Amino acid sequence: MSLPSVNPTQTSAWKKLEEHYSEIANLSMQEMFANDPVRVEKFNIQWGDFLIDYSKNKINTKTINLLVELAKEVGLEKAIKSYFSGDAINQTENRAVLHTALRAKQSDVFLVDGQNVIPEVFEVKAKIQSFTNEVLSGEKKGYTGKKFTDIVNIGIGGSDLGPAMVVEALQFYKNDLNVHFVSNIDGDHVNEVLKKINPETTLFVVVSKTFTTQETLTNAETIRSWFLKSAKQEDVAKHFVAVSTNIAKVTEFGIDAANVFPMWDWVGGRFSLWSAVGLTISLAIGFENFDKLLSGANKMDLHFKEASFDQNIPVILGLLTIWYNNFFGAESEALIPYSQYLQKFAPYLQQGIMESNGKSVDRNGNLIGYQTGTIIWGEPGTNSQHAFFQLIHQGTKLIPTDFIGFVKPLYGDKDHHDKLMSNFFAQTEALLNGKAKEQVNDEFAKQGIDKEKAAFLLPFKVFSGDKPTNTLLITSLTPETLGSLIALYEHKIFVQGIIWNIFSYDQWGVELGKQLANSILEEINNSLIKEHDSSTSYLLNYYQKNQR
Ligand code: F6P
């Protein structure tokens, strides 16, 4: 069954939303709150450890009803069924999209081409578990008989960002293994990591779904040559393992087939941390915690599959993005976690969101005449407050922002946590209410500022407010809640892709640059710069001349 294909702008809900937009655009959220004392009760969802308050948005009940109508008109219900039932919804690559199967229960059935994939998923999980336990217990040793102390994950994109984000986020649950990530083709990256490790006690996890990615293969080769300066060829088997769908290429590289953790083409790179791509996560926090991460994601999958749209967190958050992106003309969204542990969350989701929904051709192959994929950016609070919040508060651009915070800190430091969270609450309040003229003038009077100076300063000190935010308040940062949080955004991506009528699970746009880089490399290697546009030729010649 293929996905429904409906131009969202041709639906009756879209037309109604356009009219509704003109009714609501000039109404301020301050007025909305003043006129409705129970507003927050209407616009929040409580689910397990999550409270999602979306009342600080430029919406009323009619907005939500119309957005839900839009979701229904474009066939979101049917699309969710196709997604979970293993249909080849990644139609341009003729693949199913089943990262949800990786966190399913053993009794579940997920069919790909009529075959239940769950037994295979559990086989690989068992392999991850026993390998993790053998490394952590010291049963598996390096070539001189020493216990492993360091892990190096070699991968890029989805084979790096997910594991790196989760290992950072779950540092509190981490064991004493040192974990490093090498991703960039920039040789300085790998050399900095090599400085910190000892070949006798380091395990290398080469992660590449295709095992053809230039960056990963080059880094793996550099590391293997470095390793062979102290070890012998037969020691490679003890120190190198791989995660890939391409067993032939892995063995060609010299990694023992027994050291390969398989994955499947129905898992997209940016959604793969739940598969053996998460091996480094399992090594860093132990298999039990890795499994809790999976079960948190599974809970969100069930919520997404079963909750009615008006109570469905990924659906509501996805629809709000459509509202701002397509009706208010907002181009970007900020993600601000109030947890230093989540410092890699926005970069991780940049791939998830922008690689998935950065498309301009619809599911019928036609050029799209409306806006799709939003630009995602963000940094943890409170650091970001002292960096770019000025623009969110007083700039000319509308930037809907998700605030993610936790009720309980992990080390129980109440003083720090209350200060952190008071900033968290204060920011969304300030973004909503701003600061009125009268309030600023009162402050001037109290400070004894003279009239002339006050008149000059007034426009700079007034904040219009009326800036939309979602608040995601979660009990505490655990493997399970992190799993649910990541899955929430994965499903939000799906919702948006369905409404925009695009294919979210391919990434043809990154291929052209890769192809050109290969042919330019050949020209550089042969010192023979071929014909390019004048700018590229000029740059290449300058590079060659100045390298000598
Ligand atoms: O850059 C595109 C991409 O294909 C990503 O989608 C993927 O996560 C990354 O490259 C790495 O690919 P691989 O795991 O095959 O090395």
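Strands β2 (residues 50-53) and β13 (residues 469-474) run side by side in the antiparallel sense, joined by 4 bridges. Within that pairing, I52 has L472 of β13 as its bridge partner. Strands count as paired if DSSP finds at least two bridges between them. This is a predicted model, where local features need pLDDT of at least 70 and side-chain atom pairs count only at pLDDT 80 or more, while totals for chains, interfaces and linings use all residues. Residues are numbered from 1 along each chain as its sequence is written, and side-chain values use heavy atoms, with hydrogens and water left out.

- Helices (H or I, at least four residues) and strands (E, at least two) are DSSP runs, numbered from the N terminus.
- Axes here are lines fitted to C-alpha atoms, for helices over the stretch in contact, and angles run from 0 to 180 degrees between N-to-C directions.
- Contact means heavy atoms within 4.5 Å.

**The parallel sheet**

- Another open sheet has 5 strands in the order β6-β5-β7-β8-β9, and its pairing is parallel.
- Its edges are β6 (178-182) and β9 (260-262), each with a single partner strand, so one side of each has no neighbour in the sheet.
- Neighbouring strands of this sheet are turned by 20° against each other on average, direction ignored.
- Inside this sheet, β7 (residues 202-207) pairs with β8 (residues 240-244) in the parallel sense over 4 bridges. V206 has A242 of β8 as its bridge partner.
- Helix α8 (residues 187-194) packs on the sheet, where it touches β5 (150-154) and β6; its direction makes about 165° with that of β6.

**Around the ligand**

- The ligand has 14 residues around it, and G158, S208, T210, T213 and E355 come nearest. A residue counts as near if one of its heavy atoms lies within 4 Å of the molecule.
- A polar backbone atom of K209 is 2.8 Å from an oxygen atom of the ligand.
- Taken alone, the ligand exposes 400 Å², and the protein buries 88% of that. These accessible areas come from the Shrake-Rupley method with a 1.4 Å probe.

**Domains and backbone details**

- The chain is divided into domain 1 (8-74 + 307-433 + 468-504), domain 2 (99-290) and domain 3 (509-546). Those bounds come from an automatic or database domain assignment.
- Between the C-alpha centres of domain 1 and domain 3 there are 41 Å.
- The peptide bond from G381 to T382 is cis, with omega near 10°. T382 sits in the loop between β11 and α16 (389-394).
- N94, a residue other than glycine, has a positive phi near 50°. Its place is in the loop between α5 (76-84) and β3 (111-112).

Note on methods:
Polar contact = N/O pair within 3.5 Å; in protein donor to acceptor, adjacent residues only side chain to side chain.
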